[in-house]
Amino acid sequence: MKKVGVAILGLGVVGGGTYKIITEHREFYKQVYGVDISVESVLELRRERALELGVDENKIASSIGEVCSNPDVDIVVEVMGGVEPAKSFVLAAIGSGKSVVTSNKELFCKYSHELEKAARHNKVGLFYEATCVGGVPVIRAMLDNLQGNRFTSITGIINGTTNYILTKMSNGGASYDQVLKEAQKLGYAEADPTSDVEGYDAVYKLSILSSLAFHTKIPYTEIYREGITEISPLDIAYGKRLGYVIKLLAIGRCGKNGIEVRVHPAFVSKDHPLSSVNDSFNAVYLTGDSVEDVMLYGRGAGAYPTGSAIVGDIIYCATHPQHRYSPFDNTEKAKPNTKFIKNFSGVYYIRFKAEDRAGELSKLTAIFSKYGISVAQVIQDSDIADIQKGKVPLIIVTHSTHEDAVNKAVAAIKKDNRGTEVAAVIRVI
Ligand code: HSE
């Protein structure tokens, strides 16, 4: 029987889950796939963590050099996170002829072109299903099952922490700060939640997924980003009244005018399947020219769901003779002449803290009209003036318009400075 040795770099939550899956399923993989997959080496500074997981003492390596020179290791699994030393370790593994499986979205997003070039040169595989959406098999679905399509859009809830926070805020009416503290206590949010709540984590994942979908590198620097820290319970409540649910969306669209890529909070209609993706669950909604709409749903993080994606890559690598690379010219930048659209179009929800006096609404709509923005809906609640310090919440939902027009109108209203304030601008998808 073919023997395949694995080394795991980092025995944190995901590394530990991966170790357990491989060891607990070893006999099953032998029977079903005809390969004997075993963990032959681990690189983990906390020796007691490795021992606690049941790793044989002789298999705890003390350096990446030791892992790379181990002839029993065929595949190196990198689950350390961050750019360095992960990048040097991955390049060292590739350089010594090992295939690599990684869950490191930041590393893959920023350096996939470099890693892939090295993997091609050394004729080894480079697998990254676990970089995006944990246990949800979106990368292989795009590479294999859906490869006959030209994708026109990809829309996802691809960060579990923010989806958990927004779901709890929507269900209980609590503030962002309250729910974040609770999420940290429960271990859903990191002690430093910046990468999740400010949208960087989703940006890295969208860069990887949209590059695959649109067949050109989508540098993460081209992705518009806005986090969830400014979302208020008041906007969530108005959204509900309007038939919307708030989500942090990652959106990629590819059309004849170019590519648009963005991560920001958005109101999603209650009729859209993404609106019912709650708590820490993730989903990716793809539109292809042949398949039309497909939604993949599941757990986007955690030891076993992410471990499932990693072990899937290990088995694929162990059972397929050909190596796997991106199906596009993976360079540092997008293909020449790729146009990135920044002036998005869509419907906008705008909440004002408005002076409740004659003519205020007509002044606002006059500014909207100046920038060609058509108003679709207006809500004003005079009875909750007290919570707005004498001002009333006034909501305007526009017809489809452009980002530039909305920004200009908002700037003009702010400049006008006669008491009415712009309190929130949320895109509606
Ligand atoms: N921090 C990520 C999330 C999980 O909250 O979805 C790992 O990608």
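The legends below describe close-up views of a predicted model. Residues are numbered from 1 along each chain as its sequence is written, and side-chain values use heavy atoms, with hydrogens and water left out. Local features need pLDDT of at least 70 and side-chain atom pairs count only at pLDDT 80 or more, while totals for chains, interfaces and linings use all residues.

**View 1. The shell around the ligand.** K105, N159, G160, T161, D196, D201, K205 and A301 surround the ligand (a residue is near a molecule if one of its heavy atoms lies within 4 Å of it). The shell has four charged, three polar and one nonpolar residues (Ala, Val, Leu, Ile, Met, Phe, Trp, Tyr, Cys and Pro count as nonpolar, Asp, Glu, Lys and Arg as charged, and the others, Gly among them, as polar).

View 2. Oxygen atoms of the ligand lie 2.6 Å from a polar side-chain atom of K105 and 3.4 Å from a side-chain N or O atom of N159. In the side chain of D196, an N or O atom is 2.9 Å from a nitrogen atom of the ligand. Of the 260 Å² of accessible area that the ligand has on its own, the protein covers 79% (Shrake-Rupley method, 1.4 Å probe).

**View 3. The largest pocket, with the ligand in place.** The ligand takes up the space of the largest pocket (more than half of its atoms lie within 2 Å of the grid points). On a 1 Å grid over the protein atoms alone, a pocket is an open set with protein on both sides within 12 Å along at least five of seven lines, a cavity is a set of points where a 1.4 Å probe fits but cannot get out, and lining residues have an atom within 4 Å of a point. α8 (160-172) and α11 (200-214) each give two or more residues to the shell around the ligand (helices, H or I, have at least four residues and strands, E, at least two, as DSSP runs numbered from the N terminus). The pocket holds about 1,100 Å³ of space (grid points are joined across faces, edges and corners, and a volume is the space filled by probe spheres set on the points). Its lining has 39 residues, with V14, K105, E190, D201 and A301 nearest the centre. By class, 17 are polar, 14 nonpolar and eight charged.

**View 4. The largest cavity.** Three cavities of 30 Å³ or more are found in the whole structure, and the largest has a volume of about 80 Å³. Residues lining the largest cavity include F108, Y128, S207, K217 and F328. α11 gives the largest share of this lining, four residues. The lining has six nonpolar, five polar and one charged residues.

**View 5. Backbone details in two loops.** E84 and P85 are joined by a cis peptide bond with omega of about 10 degrees; P85 is in the loop between β4 (75-78) and α5 (86-95). H215, in the loop between α11 and β8 (224-225), has a positive phi near 55 degrees and is not a glycine.

How values were computed: Polar contact = N/O pair within 3.5 Å; in protein donor to acceptor, adjacent residues only side chain to side chain.
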